[in-house]
Structure formats: structure tokens, C-alpha cells
There are 2 protein chains.
Amino acid sequence: MRILISLVSSSTATGLHLPSLSRRLHTKISPFSTLIHHKPSPAMAASEDSLRRALAEKQSSIESQGNTVRALKASNAEKATVDEAIEKLNALKLDKSVMEKQLQATVNGSGPDGSVNKEAFRQAVVNTLERRLFYIPSFKIYRGVAGLYDYGPPGCAVKSNVLSFWRQHFVLEENMLEVDCPCVTPEVVLKASGHVDKFTDLMVKDEKTGTCYRADHLLKDFCNEKIQKDLSISAEKAAELKHVLAILDDLSAEELGAKIKEYGITAPDTKNPLSDPYPFNLMFQTSIGPSGLSPGYMRPETAQGIFVNFKDLYYYNGNKLPFAAAQIGQAFRNEISPRQGLLRVREFTLAEIEHFVDPEYKSHPKYSEVADLEFLMFPRELQISAQSAKKIQLGEAVSKGIVNNETLGYFIGRVYLFLTRLGIDKDRLRFRQHLANEMAHYAADCWDAEIESSYGWIECVGIADRSAYDLHAHSEKSGVPLVAHEKFSEPKEVEKLVIASVKKELGLAFKGNQKKVVEALEAMNEKEALDMKASLETKGEVEFYVCTLGENVTIKKNMVSISKEKKKEHQRTFTPSVIEPSFGIGRIIYCLYEHSFYMRPSKAGDEQLNVFRFPPLVAPIKCTVFPLVQNQQYEDVAKIISKSLTAAGISHKIDITGTSIGKRYARTDELGVPFAITVDSISSVTIRERDSKDQIRVDVEEAAPVVKSVTDGHKTWADVWANFPHHSSGPVED
Amino acid sequence: MRILISLVSSSTATGLHLPSLSRRLHTKISPFSTLIHHKPSPAMAASEDSLRRALAEKQSSIESQGNTVRALKASNAEKATVDEAIEKLNALKLDKSVMEKQLQATVNGSGPDGSVNKEAFRQAVVNTLERRLFYIPSFKIYRGVAGLYDYGPPGCAVKSNVLSFWRQHFVLEENMLEVDCPCVTPEVVLKASGHVDKFTDLMVKDEKTGTCYRADHLLKDFCNEKIQKDLSISAEKAAELKHVLAILDDLSAEELGAKIKEYGITAPDTKNPLSDPYPFNLMFQTSIGPSGLSPGYMRPETAQGIFVNFKDLYYYNGNKLPFAAAQIGQAFRNEISPRQGLLRVREFTLAEIEHFVDPEYKSHPKYSEVADLEFLMFPRELQISAQSAKKIQLGEAVSKGIVNNETLGYFIGRVYLFLTRLGIDKDRLRFRQHLANEMAHYAADCWDAEIESSYGWIECVGIADRSAYDLHAHSEKSGVPLVAHEKFSEPKEVEKLVIASVKKELGLAFKGNQKKVVEALEAMNEKEALDMKASLETKGEVEFYVCTLGENVTIKKNMVSISKEKKKEHQRTFTPSVIEPSFGIGRIIYCLYEHSFYMRPSKAGDEQLNVFRFPPLVAPIKCTVFPLVQNQQYEDVAKIISKSLTAAGISHKIDITGTSIGKRYARTDELGVPFAITVDSISSVTIRERDSKDQIRVDVEEAAPVVKSVTDGHKTWADVWANFPHHSSGPVED
């Protein structure tokens, strides 16, 4: 006998269990999806289009004028006439070349050398990062492995600072329940979540060498290359290629294969023909235990570890909603052919929050603290109408229903604060809403925090209202109900549908098939059951389709009793919704590097020096200590200051080499060290701020406390600048 | 032509490249090796031995007296005579049962119910830990996976506190270079390190069901069971079984198999026969990239990531030695049949330090800071002579050569400070030196920090001087020299051996074998070369064994020239030694749980309450805030205090349920929360210390600062106890 709660139709419920995830599953893990969004502004698109048309016209004018010239020459026309025609032809060619330059500039975005500048900027950043060991390709002495990187000392410190701030800003501030689950995950868990069947990318193979490529990448590269470098293609062709780029993520294996054939795309390295696209599962597979019979995977995200523990966590929280659980940890994705440096890697750190909430009460008590924030948002409507992101007040976006609910809005606001406090430039940060076709069918709403970098707009945080999907999936697979209860202040009377099958009669009638018939009867939704009840009452029997048998059976009146009963209920049982902010830590850090990097001329003006303008919160080393010259007394003072910095828990570096102070500053500017203490006397020292290069003079004993106050955020540099004597940088900087 | 530096013999050098690692490799990763050391104290062993002998004698007395009784009865002896004989027999049986109890007590260690007590204590700890979600078996709703555990909120906080303290105590204090490398590791790296070939355990299979067991575990269980439960075995048999336990780690597959056969050991679950033991590689294997052609493994330790980066790290450190690199991260080991809860798991967090040092200068500048420490040490000699660990002053151990060098000693001292500051009981912590046969052949010295728990003495930190082994292995395999240089202040004149083979003559004489002969000639060490030189000068030719050919060849004077040349050298090039402290974080945390756990009666005396006496540094939550009764004003005060605690970065929990204050204290004592703020007025509040249950009274505004000062270690509870009014616990505790 099964009792259906009257207001929930079973078809809605089962809808949640049949995810048509396909490649859509990726949208769950925001840091993974397509990196660069091709959404040209309408003005730009129009100008590109008319330029291509004008260029095509100019080309045909040139051809016809060429014919004219040839005809004149053939007919031995007068020299003056021929010269005039040639002059006209040359003028047309000149026009064409001007138009080509304009078109080139337009397709490259920001001026004729836009992409070149981006490339050069990226190279400067990446060179500095690799040279100073922020990161390096892993296993370099063995020629490395694509998509695997090591963080060296400064990168490791930056990561550790970002993660501690994450813990402070989210876990501590919201009293979240942090958990720490293994990376090795048994197959059943990832079968339930859909990853085993659907976490794939489409791959093609070089038919001769067997080298593998991501099918969509090849198509994307082909389209981009054509649009950006082939100025002769027609406006129609350009529009077609752009359309392909826009729908790339939605193409099936067959459609992708057809496009690759149509465009004649071959293997990039060998020009060999390519196989048809086929799905490749992106999880690293392994085997748990010695038997070889228990397949396992390295987790592709940390979230599942939280979902499977829902019951214990709910209990730990005193059986109360809402609450959030959080996890920081490694995730793994066996990319087909990783590229784009730190942005697409095979192993990465995720920080994920699962905020469990009653689907009927998605308000948030601290929502008012973020409602006044205003920042770049890119709602669905603006994307569809080909407009740009614009500044919207968060409270307005929620009240107008652009953002689905308060809790989702609250997290969007908190993510904005998190990223900007780390040093992400707010003008190169936008929150982009997923388009309807981009979102998993079960999701209520989904926004990505995208950061603009030299690679385009990068998804760094995904904030999704995933409704009850994940808990449902694991309840179903494990048989353990992952539900919450709301106790009513006083019992409520509810009407319930009761379907009671009479096993004895059913057994006589259906024998071995009895179980399937019973299950089908009990699975009827309210309308089906009431229709059957009516038919049985009027006709005494009814034809009933049992899908597990694939045929109709005859149900008689004595086989089932269907009724609606009034019951007093003391609580409501439901599957919580989950709102999931998911942070790709490595991507955030890479974007932070780009946003923090700048160059300035050396004092002598003979070279460009690199600087990272990290806020103290993020800086890998907070402070350096330099004796101005090599001198035992100064070194002793430096060591005393170093000891007090260690005691205060401030990471620092002492440099007693005889190198010029200017060179030592330059070296540490490149590591983004915000403050430098220079020992130039035994009683007082100078403290220099990295970006302004301003210096103050403080007593030796004050050096560590002053640096501590500005690095832990209790004071700003402006505060200390106002309170201490200034030091002219002249003699010291040399 | 090859130039050998005169002082390094080639055989020593190549010796490093031929590791006979075998199962010895495990000793590298200290947290993995055998958990429980069977080193009974000599007194105890002696008493057990004599008890067994006495028991055997008693048994034979009983048998002979039994015969006497039977004989008397058969000969119809007088009743009084028979009765007297029976009485004597009963007296003997009574003696025997007393002796059995004594023996039982002796073999169980600490009294007749010693093992039962340990078991009960462990159950109490583990129950509390699991119930309060310090940890839980992973994927529980899917019935879990052996050897995988999740840390729930308090466990996760403890881990995070332990790791931050580790970073503070080691990385920051010593300016170590922290790195962060991927878990996914290509085969070549682990081939070089020896793990692919040798990182195995011996496994046996149930011949009928295929279930796998660790061969040494079965043998160990058999021996322990026999010794502890079978009181009838002879003293000789007991000694034999103990010997087997002692040499267990050194048995080959054949020897293990023979013992299993000899003792008739069968599969524990089915009693089926077992297969012969064979090696099972303990690494989780996977495949990198889509081709299926690049095998990879989940790293079994973090150290290799540091070794392969030596060159870059050395450069980062200004090409100076010594320096240390450190890494915290997940490591993986596909255990055959994990048991012992958190102590033997398939995925765990390691924190490893690789301190690179010139092998000729192993002093340490900060050694004097730890030299006076005195703690339990268990040097090789004490173990061999079956004595116990004893208190030794570290400085003395180093100066007497018990500890190989100052740097190793320095780290032993730092590890001692680290563990005891976390709350490990110094009386249940010892540093045990590896026996010669336990140590890898290349290691100079190795000490394990062992912590006593209910499972016995657990290796939690390994501190090894691994000499140049790892850097050599990767230099060899990658072809990239991983070396350091010492620049001489002025050039030094050194004598070098030069072996110049005359290719033309050798070619004529040996044709296709020429290469092998040349290699053998150039591989001679100094003595061999000089002997050859002398022979050639006197006899003109010499017989020379070429091992790669497996035969003697005749070398003539014109084929090779051997000389010693003087050269000026500006620097010395060498492979640094590495001293490696390696921390099994999960094991340390588990032992900390046992050392911190105690029970005390509730106020009413009707139940035993659980308490973890974590120091504030470790406590998952530093403070709770309780309104004494449910009351809006008190709740408002509680929220104000909660806000200021958040601002001060102090993790805390606010509990506004109406539960009695005593119950709320008990709940948080079980989480090891050191301080509780109870709001019982709107102007001032009480702060209670967990272990003493003492309470002070402070103003509302002072509550957060006072808690901060005692949790961040600036003050002790004694300090604040001396400075604030005391509060009688009577009314509040109820």
C-alpha cells in the first residue's frame, strides 16, 4: 500500500529522476564550461557585417575595373585613358586595403592590434609567474604532463591565503558545516549523480596517428580562425560561423561530426582525416581494493560528498533548515587535450557550498546586508537581445524576479564581496545568468561569476539553485530517504489518497506478475487513481496498462480499494532544495594574477619592472626586511624585526645580500610583497608601500606592529601614512 | 673519457642507484609501517616465560596425580587414601587456574582485564567521535568503502587547526618553501622512486571465494591469538611465535607462505585454503589523458613532487643550502584490507618536509634552541637489549652519536614540541630509532615519533636522513642533474683520476664489444685504475673482467692511459642529502582524540559525561554562547557577543534552545569546546572553562576580547582567573 501526499503528483516527482543531463551536466560544475562567450555587442556586429558586405562589393568593383583595364589595353586605347582606368583601379585597391584593416580591427575587438596586445600582456604575466615559481608545469624534469601544474612557494602562499579568506568569509561568517571527504569515490555514488553515464566530452581521433582532440575545440578554432583571419568570407558565411560558435555547446555528436566534415576540418598537427566524434568520460578511473571488482573514480567535484552525508549533517544541525555545508578539496577531470594554462587543468581545487533550504521559504535572514550592492549583471534577457552586461542593484534584481530568490541573491552578493576583496577588478567582473537551454532542466536559476582575462570572460564561480535534484537522486539510488521535516505548530488536517491493493485477489488473477501489477497500481497519481475508482464503481472492472509488463491487464473491483482519507498530520516531510555556490580556486587565482599585474619603468628609466598589486590579504609574503647596506649592526636589527614578525605570524623575507636596495625592491615587487622594512639606522627604520612607493619612518620596536596592523586589515596604509613621519625616498631607493 | 673526482669511488656512487628496496620502501613512509611493536619489557617476558613453564609442569603434575587417583581407585585402595589423592589433585587444579589467570594477565599487558579496558576505552572514544561527526565512514548510505572516512564539521575544524599550526610551527618559523603538486602522477616519476616496482604488500587469496587478505596480517593475528588466548602452549612455542612477530616485516613471500602452511592458517571468514602469497602494488592506478597509453598513479606520498622540483627550488632559494621545502596534501594507498579505523586508511593527508643539506655540514643554526629538551627516546641499543624507552636529553643523544647529526636532532626536537603543543601526552610519546635491518640501505639514520594509543604504539611521524638517494634516483632517470654547488672562497687544487681509453686500439681489438669494454674501463674506481696502471707499466698487458660481457679481456698498454692530474677547482658540485620529517596527519589527530578524551560524572551523578580536553589551539569550536534562559534580552546580548566573536575570527556556536544549561555544557564538552559564555544578565556574563568548570564574570564588551586572548595563546586561563571576579557555579550549572 502506498500513500501519496495529495499535492505532489508522482509524475513531477519521477521527472526529477530522469535527468536528460547529456553534456548539460557540465553546467553544474561551472568552472568547466566553455570559457569564452561569443556575444558581440550589436553595434560591433552591425559594423562588421556592413564592412564584410562593403568589402565584397569593393572586390567585385576591383574585378570589373580590372576587366575594363584589360579590355582597354587589348583594344589599344589611348594611354591617357588606360592610365585613368589604372588609377581608378589602384584607388579601389587602396580603398579595399583600408576596409580590410577596419574589418581586421573590428573582428579583433579592440583595435587593429587588440589581440596582439592581449597575447603580449599574457606572456608578460605568465613569464613572471613561472620565473618566480608562482606556478610551474608539474614533473618538468620528465617533460611534464599537460594540464598538471605545481604551485611553487609564492603561488602556494597565495592559494593558502585565498582559502583561509574563503573559510573566514563563508564558513565562519555563516556557521557552515565544513566536511572533508575522500577523492576516491566508488562507482555507485557517481552513477547516482549521473557522472558515470553523462560526464563526457566529444572526442575525435586522428585516423592515422590516434592522437585525440576535443571535437568542439577543433570546430571552435576553425570558426574563430576563419572569422578573424579570412577577410574574404562573405557576411553570410561570417554570420553562419558565428551561429555555429553560439550553439557549439548544444551540438550532438552527429551534428558536430557533420560540421567537421562539411568544413573539411583535419587533425591540426598532421592534416590527417579525423574519426567521427564519440563521447569520452572525463573521470579518472581506478579500482578500489585488490580484487579488481570495485571500480572507483577520482571525484570530479566535491559536492557529492556533502549530498551523501545530508542525513547526518541535518541531524548535526539539530534537524533544522536552512543550513549550509562546505567543502574544499581536490577534484579531477581527465581533459582530452588541456590548454589555456591554469584555466583548464586535470586536477584542481574546488571550494563548494551546499546551502540546504526549504523550497517554500527561500528568504535569507542576512539578505538585507547585500541588497544595496550594485554591480555588473548580465541577465538572460540582455544576452538574448545581444546587449551588454549592465550595473544593476542586487535588491532590484531580486525584487523584479531577475534573480529567482533571496537566498540565491544573498550568495551572489557574498561572492561579489569575496572576489572584489581578493583584488578582482569590479569592472571586469560580471554575473551572467544561464540561458534556459544552458541550464540543467531541474535547476531553478543559475548565475556564473565571470571574470575578464586575456582569454576572455572566464567562469570562476557558479551559483545555482539546483532544486531537490541531487538529494532525490541519492535517495532513489541508496534507498535512504534524504528528507527534512517541518513540524506544524498545530496538527493540520490533510486529505490523502490511499490505494490499497488486495493481494489475495491479485495473486489469484496475476500469479507471477502480481508484484508488477501492485507496483503499477500504487504508482498511479491522484487523477489516474480517481478515474479508476470511478470506472470500477460504474463498470466493475477496467483495463489497466502495466508498463513493466508492457501490456494491459483487467483490474476488477475486488482487487483494489481506492479512497481519499482525512488525516491529521503533525509535520510536513520534503526534500530540501540546494543552492550551490561552487568556486574554481585556481581560475580565481589566475584571474587575480592578471588583474594585479602591471609594469612601471625603473628609476633609471632603462627597463620595465613587473609589479603585482596584491592586497595584503592575498600577498604571498607580507613584508621584506632589508639592511640598507651590509653591516653587522643593521643585520642584527633586521634579525630582531624578523623575530617579532615571526612571533606576530607575519610571513616575511629577510634579504641581507649586498644587492642595491632598488634591485631588492624590484625583486619583491614582482612577488607582490606590499611592505618593505629597510634598516638604515639602529633606532628607526623605514617602511615602504609597494604601489605608491611612499615611505614612513618608525621606531624599530614599532615596525612589526605597524606592518601587522596594515596586513591584518585593522588599518589602511592611509592611516599609518597620516600618523608617522614621511621619509623621502631619494637616498634609499638608489 | 671519464673524470672521476678522486675522493668518490665509483662503486659507492653506483651503490646508490641499485636500491634493494623490497618491502623496505615502506619504511620511507613512516605512517604506513607496522603499527604495533612487540617489544615486551624483559621483566614481563621473563615472568611470562616462567609462568608458561610452571603451568606446563603443573599440567604434568595434574596428569600424573590423575593417574595416581585412577590407580588407587582401580586397586580398591582405602577411601581415605583415595580422598587424600583427590584432594591433592584438586589443589593442583586450583593452582593451575590461578597460574592461568596470572599468565592471562601477563600476556594482556596491564592486568587481567587490560585488553578489555583498552577495547572499552576505544569504543567510548570512537562512539563519541562518530556520534558527534568528528569522522564517519565515507559513503555510508551506500554501505561505505573500507578505509575511507569523512571528517565531519568538528573533525574538519580540528584538522584545519592542526594544519595551520603545522604551517606556523614549521613552514613560517623556518622560512620553508611550500609547494603544492598534483596527486595524479605519471608512471616515470614513481618508476624512478621505486614505487612502481617495489611498493607492494604480500597478499593471499581465499582459494574458493577469491577474497583477498594481507598475508602478514593473517600470520600476525594467528600468532597474537595463540599467545594471548591459548594458555596451553609451551614456553618454547610462545617464544617461537614471538620471534615470528618480531621478524614479520622481514619475511619474503616464500617464507610467509611457508609459515602460513606450517601453522595451517586458513581464510578467516570461510576457513577455506589460501593461495601462496604474492605481491600487490598498493598504488591506485589510472590513465592520464584519453589515449589509454599514459599510465599514472595517485601519489603514495607527497615527497616526490618536491624532489622533482629540486632544481627550481634551489634556484628560488638563491642557489644556497640548506633550505627546506614542504608540502601538505592527499596521498593514496590501496590497502588490501584496511582495518584499525583512522589509523590505516586508503586516502590520507600527509605533511612532508624535505630539508636539503650539504652532506658535509649537517649542523643546524637553531639547534641550541632544542638541545635541552628531554623526552622518551628509544635508541636501537635499548631495543636490541629488550629494554624500554627512556628519558634522554636531546643534546646528549646528538653529542653521543645516538642521533646521527644536529639537523636530524633539531627536527626531532621540533616534532616533539609540535606534538606536545597539540595536546599529545608527553608520557605516551617516544622517539624510536629504526633498527639497522628496518632502515633503507641508503638512509643515514631514522627515528619515528610513536604515540601510544589503545592500538599500541603508533608511528605518526617519521624523521629520516635519507642521504642523497632520492635526488640521485631522479637525476639518473630524468638525465637532469639535481645537484648543488659550493663556491670556494679561493680555487682549490685537487687531484683527479683521468681514465682515457684509446678508442682506435680498443676498436681494433674488441670490435662490437668495444663499447662495453670502454664503459667497464671508465667505471673503475681509483684503486682498480691505479692497480691497472701499475700492471700495464710493469707487464705491458693485464687481464680485465668486463661484467657486461661476463668474461676477461686482455688490456694492452696502448689501449688506455691512466693518470692523476692536478686541477684548480672553483666550486664543489654535490648531491645534497635530504632530511625528511613526514607527518601522518590523520594518525596524529586520532591519537590526539584518545589522549584528550576523559569521562566524568554528571552533576546528579547519574551518568558519565564525555569530555575532550583539547587545547584552544586544536579545539574545533573555541567558544559557545548560551543565554541562561529563553529571553529576548539575553538572546540579543548573545547575538552581540556572537558578532564580536565573528569579527575577532573566533569560531563559536550560539545555542538559544531552552535546554538546561548543564545539558548544553555537556553537549559542548563532548566537542571539546574550551570556553562557554553564559548570558545571565544584560550587563555582564560568565565565562566557564571546560576542564576546571571554573567561571569568571566579565562585562559584555569584554567577553570576546577575553576569549580571544585565551584562545590565541596570549593569556592562559590562570591569567584571566587571577584578573576577574569568580562566579559560583551553583545556580548556573543546573
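In chain B, B:L177 stands opposite B:A325 in strand β11. This is a predicted model, in which local features need pLDDT of at least 70 and side-chain atom pairs count only at pLDDT 80 or more, while totals for chains, interfaces and linings use all residues. Residues are numbered from 1 along each chain as its sequence is written, chains are lettered from A and ligands numbered from 1 in the order in which they are written, and side-chain values use heavy atoms, with hydrogens and water left out.

Helices (H or I, at least four residues) and strands (E, at least two) are DSSP runs, numbered from the N terminus, and two strands pair if DSSP finds at least two bridges between them. Strands of a sheet pair through backbone hydrogen bonds, either parallel or antiparallel. The open sheet here has 9 strands in the order β4-β11-β12-β22-β17-β16-β15-β13-β14 of chain B, with mixed pairing. Its edges are β4 (177–178) and β14 (390–393) of chain B, each pairing on one side only.

Helix α16 of chain B (residues 406–422) lies across β12, β13, β15, β16, β17 and β22 of chain B, at about 145° to β17(B). Helix α21 of chain B (residues 585–596) also packs on the sheet; it touches β12, β16, β17 and β22 of chain B and makes about 140° with β17(B). Contact means heavy atoms within 4.5 Å; axes are lines fitted to C-alpha atoms, for helices over the stretch in contact, and angles run from 0 to 180 degrees between N-to-C directions.

A further open sheet of chain B has 6 strands in the order β26-β25-β27-β28-β29-β30, again with mixed pairing. The edge strands, β26 (652–654) and β30 (726–727) of chain B, each pair on one side only. Within this sheet, β28 (residues 684–689) and β29 (residues 695–699) of chain B are antiparallel and joined by 5 bridges, and B:V685 stands opposite B:V698 in β29(B). Helix α22 of chain B (residues 632–647) packs on the sheet, touching β25, β26, β27 and β28 of chain B, at about 165° to β25(B). Helix α23 of chain B (residues 661–669) lies across β25, β27, β28 and β29 of chain B, also at about 165° to β25(B).

Now to the contact between the chains. It takes 73 residues from chain A and 74 residues from chain B. Together the chains bury about 6100 Å², 64% of it on carbon and sulfur atoms; buried area is the accessible area (1.4 Å probe) that two parts lose on being put together, summed over both. A:I141, A:Y142 and A:Y316 supply 13% of the area that chain A buries against chain B, more than any other three residues.

There are 4 salt bridges between chain A and chain B, a salt bridge being a side-chain nitrogen of Lys or Arg within 4 Å of a carboxyl oxygen of Asp or Glu. One joins B:D312 to A:K140, with the closest N and O atoms 2.7 Å apart. Another joins A:D312 to B:K140, where the closest N and O atoms are 2.7 Å apart. This pair runs from helix α12 of chain A (residues 310–316) to the loop between β2 and β3 of chain B.

Finally, the loop between α12 and β11 of chain A holds A:P322, which a cis peptide bond joins to A:L321 with omega of about -10°.
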